[in-house]
Structures are given as C-alpha cells and as structure tokens.
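Subject: Structure handover and notes

Dear colleague,

Please find the structure below, followed by my notes on what was found in it. I would be glad if you could read them alongside the coordinates.

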Amino acid sequence: MPLVNDLGLRLDGRKYDELRPIKIEVGTLEKADGSAYIEWGKNRILVAVYGPREVHPRHLALPDKSLFRCRYHMAPFSTEERKNPAPSRREVELSKVIREAVEPAIFTELFPRTGIDVFIEVLQSDGGTRCAGITATSLALADAGVPLRDLVVACAAGKASGQIVMDLSDIEDQKGEADVPVAISPRTGEVTLLQMDGILSGEEYERALNLAIQGCKMVHELQKEALRTKYSVAQAEEEELEKAEEEEATQK
Amino acid sequence: MAEGDYSAGKNTYREGNRFYASLVGLSNVAGRTIYVVALRGCYMPVPGDIAIGKVIDLRLGGWIMDINAPYAAILPTSEAFGRMFNSRKDEMTDFLDVGDLVVAKVVAFDRTRDPVLTIRESGLGKISEGHIVKINPTKIPRVIGRRGSMIGLLQKETGCHITIGQNGLILVSGKNPEDEAAAIRAIHTIEQEAHTTGLTDKIAQLLKEKKVIEH
Amino acid sequence: MTASYGVAMSIKRKRIDELLVQEKRLDGRGLLDYRMIKAEHGLIGKANGSALVSIGNTKVMVGVKIETGTPFPDTPNEGVLAVNAELVPLASPSFEPGPPNEDSIELARVVDRGIRESKALDTAKLCILPGKKAFIVFVDIYVLDHDGNLFDTSALAAILALSTAKMKQFEVSNGEVVFKEDWVSLPVRKHPIEVTMAKIGDRLVVDPSLEEESAVDAEVILAIDDEGNVCATQKTKIGTLTVKDIVDSVKIAQTKADELRAKVLGGLSQ
C-alpha cells in the first residue's frame with residue numbers, strides 16, 4: 001500500500017508540504033514554574049519546567065551556569081502496546097538530544113549554581129514526539145520566565161513511497177524510507193537538533209533537511225501565537241495602564 | 001524588538017545593532033535604554049531588597065533561609081545579634097528555629113556566593129503573627145502601586161499592617177481575621193488582574209463593599 | 001587528583017582557534033585528515049567475531065556473539081541485531097562504573113542505527129522458525145581507551161567484527177536448529193561507515209581528538225553506506241550548525257567513508 005498516491009496525496013490527505021493539525025496551550029499546569037501542552041496530529045504531550053532552582057544533589061551544580069536537565073518520558077498508555085514505565089534506552093537518548101537542542105537558546109550563564117529542569121511527558125504518541133516535545137519545551141521555558149535567546153522549534157521531514165514529505169505521521173515513520181527530525185533556532189536558522197534514520201542520497205538528504213526547516217518555521221508561527229494568546233490582554237492595555245496609574249498617583 | 005542606537009536594559013540582549021527580548025513581557029523605552037518588564041519569572045535578589053524568608057536550616061555562623069529565589073540565603077548570626085557571640089546551636093534556636101519567618105533585607109548577592117541577609121534595621125526581624133501571602137514576584141510593583149498608592153489604599157481600607165517583600169511574599173497583620181482575609185483577597189485580585197486598567201478604583205470598591213456587607 | 005577534566009583550559013581553546021585559521025590542528029593534521037588507523041580482527045576466539053580498531057590513541061574492541069532467541073513481534077521473520085556499548089572505567093578518568101549512562105546509550109544506538117538502517121545484516125537469513133525462534137546477533141562495543149571520536153572507532157570495529165564473524169552452518173529441521181560442521185560468515189551485505197564532523201568556531205574538522213573535543217561547539221555523525229547514501233545522522237553537543245555545515249559535512253563524509261572502508265575492510269575476502 002503506497003503511503004503517497006498518484007495525486008501526491010498522503011494517507012491522511014495531506015500534500016507533501018503540509019503539517020498535521022497542531023494545537024498549543026501555554027501555562028496549563030498550576031504548580032510548575034512554566035508549562036505547555038501540545039497536540040500535534042494524535043500526539044498529546046505535556047511539558048513542565050521547574051527552575052531556576054537549587055540543584056539536588058548539590059555537587060552537580062556548575063560554578064558558571066545553570067545545570068539544564070531534561071527528562072523525556074512516555075506514559076505506559078501512550079503507545080499501541082503498553083510501554084513499561086521504566087526509562088527505556090530510547091527515552092534516555094531522546095532526553096539527551098532534546099536537552100542539546102534546547103540548551104543553546106537558554107541564558108544559563110545568568111543563573112550559576114542553579115538548575116533548570118524540564119519534564120516532557122508523552123501522554124499519547126503518534127510519530128514526531130521529540131519534535132513536538134522540543135516545540136512545547138521552548139514555550140514552557142518562556143512561560144516560566146527563563147530568559148531565552150530564541151524559541152527553539154522542531155519538525156521532521158522524510159521519505160515515504162519515494163517522495164520527500166514534511167512532518168511524518170506514525171505510519172509514514174514506520175513504513176517510510178527515511179525520517180529526519182530537525183530543530184532550529186528560528187532567528188538565525190541554525191540547526192540545534194539533527195537526526196536521521198533510513199536511506200537517503202546526498203541530494204535527497206539536502207531536500208529533506210530544507211523541507212524540515214520550512215516546517216519548523218511554520219510551527220514557529222504557532223508558538224508565537226500561543227504566547228500571544230496567553231499574554232495578549234497585557235500587551236494591548238499597557239499604555240492605558242501607565243496613563244491611568246499616573247493620573248491616580250497625581251490625584252492622591 | 002528594535003534596531004539602532006540604544007543600550008540593552010533589563011531582560012533584553014543585543015546582537016550587533018539589533019535588540020531582542022529574552023523574556024515574555026512588556027517592552028519599554030526609557031531614554032536610550034530598552035528594557036522589558038517581565039510577566040513571569042523567578043525572584044533574583046538585589047542588595048537593598050526587603051525579603052520575607054523562612055528558616056530551613058541552621059549552620060555554625062548563621063541560619064539558612066528560603067527566600068523564594070533559586071538560591072538559599074544566609075542570615076549570619078552577626079547580622080542578627082549585632083555582636084560576636086559563642087555560637088552554640090541551642091542559643092541560635094532560642095532566637096530563630098527552623099520554620100520561623102523573618103522580614104529581612106538583602107545586603108549582598110553576586111555570581112560567586114549566595115545572598116546574605118540582615119535583620120538589624122528597624123522594621124526587620126522575626127515574624128510572630130499575621131498571614132503570609134505568596135504572589136508572583138513580577139506583580140509586586142502593582143501591589144505597591146505608583147508612589148505607594150495601592151498599598152496605601154489596602155492599609156487604609158482594611159486597617160491591616162502590610163509588609164511587602166520584593167521576593168513575592170507579603171505579610172498581612174490585622175486586628176481581626178476578617179480584615180486580614182479582605183486584604184489577602186484584594187492582593188490576590190491585584191495579582192490576577194495586574195494588567196488591567198482602573199485597578200486601584202476596582203480594589204477600593206471591592207474593599208468598601210466588603211465592609212458594607214459585614215456591618 | 002581532583003576531577004578537573006571537565007573544565008577545558010582557556011589557553012588551549014585559543015591555540016586551537018589560532019591553528020585552525022591556518023587550516024592546521026594541534027597534532028599537525030589537516031582539517032580533513034584522520035589520525036592513524038589500525039585494525040585487527042579475530043582476536044577473541046570465544047566470540048563469533050571480534051575486532052580491535054584504534055584511531056589515534058582511541059581504542060575500541062567489539063565482540064560479536066550469536067545466540068538463539070525469540071524474534072521481535074513486529075518482525076517475526078527476521079533475526080535480531082542487539083548493539084550495546086560500555087564506556088569501561090579503565091578507558092578514561094571520566095568514566096565511572098555503573099549502569100549505562102546517556103553517553104554509552106547514545107553511542108550504542110547510533111552505531112546500531114548505521115548498521116540497521118543500511119540493512120548491513122541480512123536478518124531475514126537469520127530466522128529459524130518464524131515468530132518463534134531466530135538468531136540474536138549481539139554486538140558489544142567495549143571502549144578501552146578514550147582519546148576522542150568514539151563513534152567512528154566503534155562503528156568501524158563493529159562492521160569489521162560483523163564482516164569477519166563466523167557461525168556454524170545451520171539448517172532447520174522440525175523447527176529445531178541443526179548445526180553442521182562448517183563455519184560460514186554472517187550474511188553481511190553492506191558496510192556502513194560513520195564519520196564524525198566537528199565544528200570549532202566556523203571550521204569543520206574530521207575525527208576530533210579528545211583535546212579538540214573540549215573546543216568543539218557542535219558535532220554531526222554521519223553513517224554512509226557503500227553507495228554513498230546517508231543512513232544515520234546524529235548531531236551532538238550544545239552548539240548549532242548551519243545548513244551549509246550539514247550539506248558540506250555530508251559531502252566530506254561520503255568521501256571519507258569510502259577511504260575508511262577501503263582501508264579497513266578492503267583487504268578482506270568477502
């Protein structure tokens with residue numbers, strides 16, 4: 001069964017350069033310093049940020065910057081077959097690559113001897129969880145008030161039924177010929193996460209890379225929108241507020 | 001955020017000639033400095049700040065304090081007693097024990113060491129009664145108000161004494177629990193609606209209404 | 001001795017940057033030169049296959065053991081490839097004993113990816129009874145001396161060990177494996193090679209030594225098969241790469257993979 005038909009449409013009706021439906025919410029959790037929730041295709045991922053705060057165990061603290069730690073974890077009920085809750089080797093590797101993708105954007109040097117912890121919980125998985133996780137992590141960090149150079153955003157591209165396509169669905173990831181997840185810092189366009197599995201010629205590789213980056217930029221617009229939605233009231237009324245405060249103060 | 005002949009103020013950073021916000025917040029320009037007022041963020045101690053802290057540990061030489069910051073603070077025994085004393089643990093706990101609260105002032109904080117506190121000035125010291133309200137530190141300026149207008153209103157209408165810690169903790173001490181509760185409710189309302197206009201009037205209204213209902 | 005290996009010397013970084021401007025490196029190599037590579041195989045008689053590869057002072061030994069077990073439920077007609085890596089404490093003052101940490105897990109998974117995605121091992125030929133029994137090929141990476149670039153060294157040793165591994169010829173009768181007397185090679189049909197490109201400042205260098213790694217901003221490891229296709233990628237470290245860096249790295253990796261493959265595997269009769 002081909003993943004892409006003769007008209008260039010994929011199994012879910014998308015064209016090669018279309019994203020799955022994405023919905024993002026910022027500040028979902030009460031107790032965490034920052035949080036974000038993302039629905040991307042059938043992915044359901046919740047991210048919480050704690051910090052900057054004291055590092056435990058203390059001897060891990062770094063003298064010149066904050067210790068940034070990331071835990072990517074999948075809930076046992078997130079996959080087709082129940083997943084053992086103990087961290088798998090895949091989760092350990094993804095925790096590392098996600099950390100390395102997001103850390104370049106954080107001003108860790110502003111908080112020496114502290115720690116910033118990110119917890120990514122995949123509640124339902126549908127292909128592309130690391131990209132969705134990274135995208136939500138940037139927003140959770142912004143929500144926590146952690147100073148950032150940029151909002152790192154991620155999206156994958158790959159090859160399915162011989163075509164280079166953007167944002168692989170779960171079945172395209174499993175049955176396709178290649179998967180290339182990419183994360184960028186949108187302001188500079190530089191890559192902070194790059195992985196690949198499958199078989200691609202040098203030319204196909206370059207095409208997939210560029211298509212993934214194009215997807216990243218599209219998702220970045222949604223990130224900004226999610227922040228605007230959360231903080232929009234403040235933005236619009238700031239000038240009025242300043243004027244009103246001045247008036248009140250002079251009256252008293 | 002901007003481009004040109006400015007200098008980078010709080011919560012911004014500069015690359016070449018362009019300025020970017022590093023936080024979600026409200027951007028502002030004061031003279032030639034661009035800065036961002038944060039909407040969210042942790043409390044970073046500044047020498048001179050009043051901070052309300054809780055004792056979490058005791059060491060030879062001082063008490064370790066939680067001041068709602070990424071760093072634990074130290075209240076040295078010299079800053080509490082004002083004299084050299086024979087620091088035996090039981091003497092220290094007679095004065096301040098784990099769980100006790102203080103109104104303190106930050107005297108030192110930099111990249112190389114944890115914040116240092118003092119309670120030697122007037123208005124500072126151990127807290128023996130009242131209620132502590134914890135709000136987002138970025139909203140503290142709104143609770144104070146322009147030239148103290150908001151805190152003045154709160155104290156006048158509720159009859160409570162209110163001590164504001166820059167670290168997001170506020171001590172409310174009143175003649176009776178109802179007055180304290182009214183002040184606390186008002187503070188939470190200010191935190192929720194910090195960004196709206198006419199807040200001072202709204203709070204005044206809220207407090208007057210409560211009084212009418214109760215009497 | 002205090003554990004100061006995590007803190008890089010600032011003057012070293014300066015030296016590295018100065019040399020790079022002249023297209024040179026600390027040990028006199030050119031930007032695209034590998035250190036001296038030595039490879040031996042068949043050293044561990046008790047293993048089905050083994051190889052010891054060193055690139056410069058980095059030494060990695062890989063052992064291949066073949067056992068029988070159950071196939072994975074989603075690939076019932078195929079044998080199983082299981083790659084594991086150990087950063088044993090004797091290899092470096094920074095390795096501590098204990099369960100696998102993220103570095104050893106990443107090393108194992110990236111080497112595995114290169115072999116698996118290139119379809120180097122014809123796992124269909126390793127099925128005994130569909131859904132019930134198959135051969136499990138264990139590839140165990142043992143890092144013995146860490147002087148930088150563990151990925152390339154481990155991947156080379158792994159493919160060399162697999163290519164030279166031997167198993168008893170077998171046939172299946174009545175759902176049971178019957179071993180014959182002859183030794184045959186494993187069904188290895190591709191020879192993926194991993195090439196690590198490191199970015200220091202704005203220069204790309206191949207095969208970073210441990211000294212250089214302290215100055216590296218970002219790295220990208222590319223697995224290249226015999227036809228020059230990319231079959232695995234892993235970007236590591238907390239720096240960034242431009243699209244040009246990545247595209248250039250692929251081209252360099254394709255050339256280097258051919259060189260390494262010819263050098264290390266060329267002499268084997270396969």
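Two strands are said to pair here if DSSP finds at least two bridges between them, the strands (E, at least two residues) and helices (H or I, at least four residues) being DSSP runs numbered from the N terminus. In that sense, Val26(A) has Ala36(A) in S2(A) as its bridge partner, and S1(A) is joined to strand S2 (residues 34–40) of chain A by five bridges, the two running antiparallel.

This is a predicted model, in which local features need pLDDT of at least 70 and side-chain atom pairs count only at pLDDT 80 or more, while totals for chains, interfaces and linings use all residues. Residues are numbered from 1 along each chain as its sequence is written, and chains are lettered from A, and ligands numbered from 1, in the order in which they are written.

The sheet in chain A

S1(A) and S2(A) belong to an open sheet of five strands in the order S1-S2-S3-S5-S4 (chain A), with mixed pairing. Its edge strands, each pairing on one side only, are strand S1 (22–26) and strand S4 (67–74) of chain A. Helix H2 (residues 129–143) of chain A lies across S1, S2, strand S3 (43–54), S4 and S5 of chain A, and runs at about 150° to S2(A) (angles run from 0 to 180 degrees between N-to-C directions, with axes fitted as lines to C-alpha atoms, for helices over the stretch in contact).

Contacts between chains

Two residues count as in contact if their C-beta atoms, placed from the backbone, lie within 7 Å. Of the two pairs of chains in contact, chains A and C share the most contacts, with 30 residues of chain C in contact with 26 residues of chain A. On the side of chain C that touches chain A, S12(C) gives the largest share, seven residues. Strand S9 (residues 190–200) of chain A pairs with S12(C) in the antiparallel sense over four bridges, and Gln195(A) stands opposite Gln234(C) in S12(C). Chain B and chain C, by contrast, do not touch, their nearest C-alpha atoms being 16 Å apart.

A helix in chain B

The buried residues of H5(B) (20 or more other C-beta atoms within 10 Å of the residue's own, C-beta atoms being placed from the backbone) are Asp179(B), Glu180(B), Ala182(B), Ala183(B), Ala186(B), Ile187(B) and Ile190(B). They cover an arc of only 160° around the axis, taken over the directions from the helix axis to the C-beta atoms, which puts them on the same side of H5(B). On the other side, Pro177(B), His188(B) and Gln192(B) are exposed (12 or fewer such atoms).

Best regards
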